[in-house]
Amino acid sequence: MKLWQKDNTETSAIIEAFTVGRDTEFDLLLAPYDVQGSIAHVTMLGEVGLMTREEAVQAVDALKEIAAEIGAGTFRIEEGVEDVHSQVELLLTRRIGDIGKKIHSGRSRNDQVAVDIKLFLRAQLRTLRDEVEGLFSLLQKQSERYRAVLLPGYTHLQLAMPSSFGMWLGAYAESLVDDLTLLAAAYEVTNKNPLGSGAGYGSSLPLNRTRTTELLHFGALHYNSVYAQMSRGKTEKFVATGMAAIASTLARFSMDCCLYLNQNFSFISFPPGLTTGSSIMPHKKNPDVFELIRGKCNRLQGLPNELTLLLTNLPSGYHRELQLTKEILFPAFGELTDCLRLCRLMLEQLQVRPDILREDLYKYVFSVEAVNELVNQGIPFREAYRQVGNDIEQGVFEWDAARPLHHVHEGSIGNLATGQIRAAFEKVAARFDA
């Protein structure tokens with residue numbers, strides 16, 4: 001069964017297999033949203049007179065039954081049925097007869113797919129927001145826990161200045177604020193209603209698109225019908241860009257953990273159950289989880305580029321390759337969610353090594369402390385820099401690593417600004433509830 005099929009026409013089996021591709025697989029993910037969109041559309045049809053009120057109520061009740069079957073896991077797309085939209089309409093017609101055939105009035109499969117994808121993406125983005133918040137909160141908790149434990153900072157992978165585990169972990173928490181800002185922008189683009197745009201040119205039927213926007217709790221309407229169709233692919237690319245930002249942060253954090261777990265650093269450790277061993281080297285504790293997070297997240301950073309290449313040079317209107325956005329983007333939500341959860345699991349059991357900077361190896365990280373101490377005594381910075389530099393060159397530089405550090409400005413070792421960063425995160429996270 002195909003919504004577009006006419007009498008005495010039949011598509012070649014090889015053409016059908018190629019054009020359908022993996023759509024059936026991803027259509028099952030869209031099923032609850034297809035019913036949700038259909039309920040809003042039918043409700044509106046009953047209100048504007050394109051169905052009687054009684055017909056609309058009957059159709060909505062039957063659609064709710066189908067929604068319950070989807071929730072129970074008993075819904076399936078039958079053999080020979082083209083897609084989820086056809087399956088829902090088929091089930092509806094079996095239950096309520098010809099009334100079911102009216103639900104496509106004023107609607108094209110194009111805007112039906114578009115609204116399904118918008119609803120799916122909106123739900124996925126809210127779930128992703130919650131997962132990011134879980135990692136953000138844990139990073140802040142561990143940042144406060146280890147705020148006074150010093151760690152060498154690096155530039156160019158060379159020893160630089162004193163840092164702390166609190167600063168290191170807090171930096172990744174704040175990174176997630178900016179990542180979530182991109183994801184929130186994608187959410188706001190996603191949270192617009194394309195239903196009623198038809199095949200991209202509207203309808204001569206008296207539809208009430210504002211009403212379906214209200215019923216589906218969209219934040220706004222895609223007003224122009226042509227642009228409603230042009231938002232296909234573009235919306236997915238915005239979402240992918242936000243996801244790629246989060247993936248970038250996770251990949252970078254994972255790389256840090258791989259380095260810091262290395263025996264030449266030995267800054268951090270994890271319980272044996274969270275690392276893996278070697279088949280021939282009994283001493284090995286490999287950071288496989290972080291290596292896989294790094295690899296998976298580096299792949300996820302390619303999503304926007306993959307979508308860009310798919311969409312390049314498309315003219316306005318709908319084009320069939322837009323269906324490929326589903327197989328590019330949909331599995332990525334599970335991948336990124338898994339990475340966020342595994343990162344949390346590892347971070348919960350992070351163990352840090354105290355007194356790292358008391359080792360003679362790290363004494364030069366205090367060179368700037370020595371310069372600043374001279375500056376505080378009234379010596380010009382350039383002269384102070386020269387004096388400390390000469391001591392280092394002559395091998396006579398000394399600093400007592402047990403001396404307390406006095407870093408007090410916002411974002412420094414002594415003032416992590418955890419509360420301000422939390423407030424910024426909460427402000428961004430609230431945008432997903434609009």
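The legends below describe close-up views of a predicted model.

**View 1. Packing of helix α8 against helix α11.** Helix α8 spans residues 225–261 and helix α11 spans residues 324–348; their axes come within 10 Å and cross at roughly 25°. The two helices are therefore roughly parallel to each other, and their crossing is left-handed. On the α8 side, the contact is formed by Gly 233, Glu 236, Val 239, Ala 240, Met 243, Ile 246, Ala 247, Leu 250 and Phe 253. On the α11 side, Thr 325, Leu 329, Ala 332, Phe 333, Leu 336, Cys 339, Leu 340, Cys 343 and Leu 347 take part. By class, the residues of this contact comprise 15 nonpolar, two polar and one charged.

**View 2. Packing of helix α9 against helix α11.** Helix α9 (residues 288–300) packs with α11 at an angle of about 150°, and the axes are 10 Å apart. Since angles over 145 degrees count as roughly antiparallel, α9 is roughly antiparallel to α11. The crossing of α9 and α11 is left-handed. Helix α9 contributes Val 289, Phe 290, Ile 293, Lys 296, Cys 297 and Leu 300 to the contact. Their partners in α11 are Ala 332, Glu 335, Leu 336, Cys 339, Leu 342, Cys 343 and Met 346. The contact of α9 with α11 contains 11 nonpolar residues, no polar residues and two charged residues.

**View 3. Packing of helix α3 against helix α4.** The axes of helix α3 (residues 53–72) and helix α4 (residues 84–96) lie 10 Å apart, at an angle of about 125°. That angle makes α3 oblique to α4, and the crossing is right-handed. From α3, the residues that meet α4 are Gln 58, Ala 59, Ala 62, Leu 63, Glu 65, Ile 66 and Glu 69. In α4, the corresponding residues are Val 88, Leu 91, Leu 92, Arg 95 and Ile 96. The contact of α3 with α4 has eight nonpolar residues, one polar residue and three charged residues.

**View 4. The nonpolar cores and the surroundings of Ile 268.** The largest nonpolar core has 90 residues, of which Phe 165, Trp 168, Leu 250 and Ile 268 touch the most other members. Helix α5 (residues 109–145) supplies the largest share of this core, 13 residues. Apart from this core lies another, of 25 residues, which includes Met 44, Ala 62, Leu 91 and Ile 103. With neighbours within four places in sequence left aside, Ile 268 is in contact with Phe 165, Cys 257, Tyr 260, Leu 261, Leu 350, Gln 351 and Val 352.

View 5. Gln 142 is located in helix α5 and is buried, with a relative accessible area of 2%. Not counting residues up to four places away in sequence, Gln 142 touches Leu 169, Leu 347, Glu 348 and Leu 350. His 41 belongs to helix α2 (residues 23–48) and is buried as well, its relative accessible area being 1%. Beyond its neighbours within four places in sequence, His 41 is in contact with Ile 103, Ser 105, Gly 106, Arg 107, Leu 195 and Thr 212.

View 6. Most residues other than glycine have a negative phi. At Asn 313, phi is positive, near 70°. Asn 313 lies in the loop between α10 (303–311) and α11 and is exposed, with a relative accessible area of 73%. Phi is also positive at Asp 355, near 60°. Asp 355 is placed in the loop between β6 (351–352) and α12 (367–376), where it is partly exposed at a relative accessible area of 48%.

**View 7. The loop position of Ser 203.** Ser 203 is situated in the loop between β3 (192–193) and α7 (209–215). With a relative accessibility of 37%, Ser 203 counts as partly exposed. Ser 203 and Leu 274 are 71 residues apart in sequence, and the distance between their C-alpha atoms is 58 Å.

Methods:
Residues numbered from 1 in each chain as written. Predicted model: local features only at pLDDT ≥ 70, side-chain atom pairs only at ≥ 80, totals over all residues. Heavy atoms only, no water. Axes fitted to C-alpha atoms, helices over the stretch in contact; angles between N-to-C directions. Helix = DSSP H or I, 4+ residues; strand = E, 2+ residues; numbered from the N terminus. Parallel < 35°, antiparallel > 145°, perpendicular 65-115°, else oblique. Left-handed = near helix turned anticlockwise from the far one by under 90°. Contact = heavy atoms within 4.5 Å. Nonpolar A, V, L, I, M, F, W, Y, C, P; charged D, E, K, R; others polar. Core = buried A, V, L, I, M, F, W, Y, C linked by side-chain atoms within 4.5 Å. Buried < 20%, exposed > 50% of the residue type's maximum accessible area, 1.4 Å probe, protein only.
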